[in-house]
Amino acid sequence: MKVTTAALPLLPLFQRLLPGLPGLPGLPGLPAIPGLPSIPGLSDVAALPGRLTGLSLTLLKASALEAAILAGHLLLYPSGIVQERRPARALRPTDAHAPQPSPPTPRLPAAASPPVVLLHGLIDNRSVFLLLRRSLVQHGRHEIESLNYSPLTCDIRTAAELLGRQVEEICERTGSERVDVVGHSLGGLIARYYVQRLGGDRRVRTLVTLGTPHAGTKAVPLANAHPIVRQMRPGSPVMEELTRPAPGCRTRFVSFWSDLDHVMDPLETACLDHPDLSAENVRVSGIGHLALPVHPAVATGIRQALDTAEPETETETGTGPGKPAGGITVA
């Protein structure tokens, strides 16, 4: 019995690899008496080496990619510390001596596609979106804003209020009534709070989140010293606020989550499930947390999400809250 009890912590792995294996009464997951010819799931044992090999290769590739991306982040981080330059507003002279633009530039009508706002995750900056931004520009999105929030930010609510002011400024400058937002990790949570709790659904047409802990994450317990990490824990006051009703929310949500995202604990916390929100969840297989805003396959999925019709059209076609929207497999 001591040997059997010592193996209990490994049962979740066994059950994942051998899902059809039955259990003994009182000990779920333990195999029945060995040697009986008709044990369901026993055939899965033959496939166990292949499953372990496939799992190991996938984890190895994903880990190597995460390490390479982290190295790239460190190299590019200094370039993204300062906020990006924005076009100067048109001069509004108040007297005859004020400089006049020559010739005056007429204000262009708002583009068919709204501006895209990119919001990074914790301990990061706008440099993380270098490749995604390039992909969006190559496919016709020319109004793109990469925003920075302070690494000393200690409150999601405060960051969401700042995002709201920045979105208003973008709409005023571009002449667009609404924007699309792409948020990685904490950035997606800040954007969701703005949309859901601060009336941002009036301005945000589509919110795409990448590896965002919508239900809170238990990963890295030692990080609890940071107040904003505590706000991202399951059951925190901020998470409780986001479970409250949000009737009439006009924003469409698309949540990308990875089955190898070790920052999300549990993995499904990156899925958005709220009865009042028009939400789609896209599973990404084969990459980790840092690769989500970088990988070209995910960039294609983001572009498709931003090009999809308005939420009202999605509702009419039967796509409701929390429904899956397919998946992406990275070889």
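These exercises, each with a worked solution, concern a predicted model.

**Exercise 1. Classify the crossing of H4 and H9**

Find how the axes of H4 and H9 are placed, and name the class of their angle.

Solution. 
- Step 1. Locate the helices. H4 covers residues 130-138, and H9 covers residues 296-307.
- Step 2. Packed helices are described by the angle between their axes and the distance between the axes. Here the axes come within 10 Å and cross at roughly 50 degrees.
- Step 3. Assign the class. Angles under 35 degrees count as roughly parallel, and 65 to 115 as roughly perpendicular. H4 is therefore oblique to H9.
- Step 4. The crossing of H4 past H9 is right-handed.

**Exercise 2. List the residues between H4 and H9**

Which residues in H4 and H9 meet, and how do they divide by class?

Solution. 
- Step 1. From H4, take Leu-132, Ser-135 and Leu-136.
- Step 2. From H9, take Ala-299, Ile-302, Arg-303 and Leu-306.
- Step 3. Sort the residues of this contact. Five are nonpolar, one is polar and one is charged.

**Exercise 3. Follow Ala-299 across the contact**

Is Ala-299 buried or exposed, and with which residues is Ala-299 in contact beyond its sequence neighbours?

Solution. 
- Step 1. Ala-299 belongs to helix H9.
- Step 2. Check accessibility. Ala-299 has a relative accessible area of 6%, so it is buried.
- Step 3. Leave aside neighbours within four places in sequence. Ala-299 then contacts Leu-132 and Ser-135.
- Step 4. Compare sequence with space. Ala-299 and Leu-131 are 168 residues apart in sequence, yet their C-alpha atoms are 8.6 Å apart.

**Exercise 4. Repeat the analysis for H5 and H6**

Describe the crossing of H5 with H6, then its residues.

Solution. 
- Step 1. H5 spans residues 156-174, and H6 spans residues 186-197.
- Step 2. Their axes come within 8 Å and cross at roughly 75 degrees.
- Step 3. That angle makes H5 roughly perpendicular to H6, because the class runs from 65 to 115 degrees.
- Step 4. H5 contributes Ile-156, Arg-157, Ala-159, Ala-160, Leu-163, Gly-164 and Val-167. H6 contributes Leu-186, Leu-189, Ile-190, Ala-191, Tyr-193 and Tyr-194.
- Step 5. By class, the contact has 11 nonpolar, one polar and one charged residues.

**Exercise 5. Describe the setting of Ser-255**

Which backbone oxygen does the side chain of Ser-255 reach?

Solution. 
- Step 1. Ser-255 sits in strand S5, residues 252-258.
- Step 2. Its relative accessibility is 1%, so Ser-255 counts as buried.
- Step 3. The side chain reaches the backbone oxygen of Ala-270 at 2.5 Å.
- Step 4. Beyond four places in sequence, the contacts of Ser-255 include Thr-209, His-214, Cys-271, Leu-272 and Glu-280.

Note on methods: Residues numbered from 1 in each chain as written. Predicted model: local features only at pLDDT ≥ 70, side-chain atom pairs only at ≥ 80, totals over all residues. Heavy atoms only, no water. Axes fitted to C-alpha atoms, helices over the stretch in contact; angles between N-to-C directions. Helix = DSSP H or I, 4+ residues; strand = E, 2+ residues; numbered from the N terminus. Parallel < 35°, antiparallel > 145°, perpendicular 65-115°, else oblique. Left-handed = near helix turned anticlockwise from the far one by under 90°. Contact = heavy atoms within 4.5 Å. Nonpolar A, V, L, I, M, F, W, Y, C, P; charged D, E, K, R; others polar. Buried < 20%, exposed > 50% of the residue type's maximum accessible area, 1.4 Å probe, protein only. Polar contact = N/O pair within 3.5 Å; in protein donor to acceptor, adjacent residues only side chain to side chain.
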